[in-house]
Amino acid sequence: MLPPELTAHAARLGEVRLRELMGADPGRAASLLMAHAGIELDFSKQRLDPSSLAALVAHLEGLGFAARRDALLSGGIVNASEGRPALHTAYRHGARVQGSDAEHLVDETQAQTRAFATRVRGGDFRPAGKPVSRVINIGIGGSDLGPRLVADALADHAGAGPELRFVASLDPTDLQHAVAGADPETLLFIIASKSFSTQETLMNGQAARDWLAGHVGAAQAGRHFAAASAARDKAVAFGIASDNVFDFPDWVGGRYSVWSAVGLSLEIGLGPDVFAAFRDGARSMDAHFAIAPLARNLPVVKALVDFWNRNLLGHPSRCVAAYSARLGLLPGYLQQLEMESLGKSVTANGEPAPLPGGALVWGGCGTEVQHSFFQWLHQGGDVTPVDFIGIASHFASDDPRERVLAANMAAQGAALLDGVQLPAGDDPALAAQRSMPGGRISSVLLLDALTPGTLGALLALHEHKVFVESVLYGINPFDQWGVELGKVLTKGILDGELSRYDASTRAMLARTGFVSD
Ligand code: F6P
């Protein structure tokens, strides 16, 4: 439920022109700006001011946030529906688990993945007598999106390691493209699956092994496989050598798992030191999240801004525009992190949630998206908050393209804010169509530079932001029961048990020849 203080602030701020709000307080730009771990959050173009922010902070405090955060970071059962903690922070040593089983397990498995990655990268792991030239990660959801994003974002930091490819889709061309041009004897497949029972991943793993067996022989093929999983027995039963199975516990959620053994492809492709620096960046954000005052706490404030826009101002979606080709996969990564975590309308107590849960997240890569959907953002009938993700060093770059990229990002935020009203002149109809309403809100997340550390901090910022929002909504962000029914119904279709399906679905299956009439 929304407290009246917040709705009163929203009513007050809803009547002010955004540009006037900005001019009203000379200290505004500085007070709605904060930075940590090489990331600056500028939310001065939001329809917010220090007093409404203070009211949001008070609301969060009133929900017992401090105790909830402590429970998260110290291994409390914050995922009640599955009876587990959510200790992904232990993998960057940002959790308070010193001396515990969790710390021991993390240390042990990190030593194992580092040693394996060093062997593969150094050419000492030779499944067919040749060094590995390409690592293909087979996984989906959290076992794909995080590693894929980080591999792309930090490709310039890879040095001389095996190249990385990713397979997630059941479309056979995905695997075909991943192996194209490679010497089969130099391939290493990593099956990343927490459950080791995900249909897409198991089918792709089997297809990869069959393909490889066709080139190197069935007896040899299994040597080209490793796994990252919380179900070791299933990975071994699949035929992967026990020494090549890297564990992580069930208290690491899939969409929070890139820091764990699920990051094995990254540890190989980017190198253990780059992977460690990525985790260190996250640890720095963990420490900040744990102790910074709420009003100056980056993940907390980002969550409050997003909550405000969604629930007080009524904007159901948020656009993420990344002004770096290297961060082109960020919107897709955030979609899973935020929408699988916050897309719920029942509280952790099983009651109907009074608020609708987190926003739809979508976006793309600037400046490309300026030539596609930005028209809709500027002149469409809906107002959608935009997060611009930029690289500060681009503004002063020696490369004019980076300077223009950065200038475009700054210009888009200004254009959304200002709009333009053209005089009616001789052609009022044309003037009206060319005018832009303005008053459209945005934030900027500016990374000092795109480094392993700032990327780690950026992802941890969003993980913690999601947790804060989950407290505001009263929901469990660590389960995902909503994806289960579709899996069951797929199985029913494959088993041909169609009596429970609706007429439309049955008709399609008949029409397409999946089943005979
Ligand atoms: O179906 C959703 C999901 O469970 C995600 O939460 C998870 O990241 C993905 O599937 C893959 O699961 P797994 O790692 O167990 O294969």
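Trainee: Let's start in a loop. Where does threonine 367 lie?

Mentor: Happy to begin there. Threonine 367 is in the loop between β9 (360-365) and α16 (374-379). Keep in mind as we go that this is a predicted model.

Trainee: Now the backbone phi. What should I notice about alanine 37?

Mentor: Alanine 37 is not a glycine, yet it has a positive phi of about 55 degrees. You will find alanine 37 in the loop between β1 and β2. Those two strands make a hairpin with 2 residues between them, and alanine 37 belongs to that turn.

Trainee: How do I read the pairing of β1 and β2, parallel or antiparallel?

Mentor: Check the direction, then the bridges. Strand β1 (residues 33-36) pairs with strand β2 (residues 39-42) in the antiparallel sense, over 4 bridges.

Trainee: Which other strand is joined to β2?

Mentor: That is strand β11 (residues 442-447), which runs antiparallel to β2 and is joined to it by 4 bridges. Leucine 41 turns up again here, with leucine 445 as its bridge partner in β11.

Trainee: Let's move to the ligand. Where does the ligand sit?

Mentor: The ligand sits in the largest pocket. There are 14 residues around the ligand, and those that come nearest are Gly142, Ser143, Ser193, Ser195 and Thr198.

Trainee: How many residues of each class are in the shell around the ligand?

Mentor: By class, the shell holds 9 polar, 3 charged and 2 nonpolar residues.

Trainee: Which polar side-chain atom lies 2.5 Å from an oxygen atom of the ligand?

Mentor: That atom belongs to threonine 198. For glutamine 336, the distance from a side-chain N or O atom to an oxygen of the ligand is 3.2 Å.

Trainee: And how much of the ligand's accessible area does the protein cover?

Mentor: On its own, the ligand has 400 Å² of accessible area, and the protein covers 87% of that.

Conventions
Residues numbered from 1 in each chain as written. Predicted model: local features only at pLDDT ≥ 70, side-chain atom pairs only at ≥ 80, totals over all residues. Heavy atoms only, no water. Near = heavy atom within 4 Å. Polar contact = N/O pair within 3.5 Å; in protein donor to acceptor, adjacent residues only side chain to side chain. Areas by Shrake-Rupley, 256 points an atom, 1.4 Å probe, with all protein chains shown as cover. 1 Å grid on protein atoms, 1.4 Å probe; cavity = no way out; pocket = protein on both sides within 12 Å on 5 of 7 lines; lining within 4 Å. Sits in = over half its atoms within 2 Å of the grid points. Nonpolar A, V, L, I, M, F, W, Y, C, P; charged D, E, K, R; others polar. Pairing = 2+ DSSP bridges.
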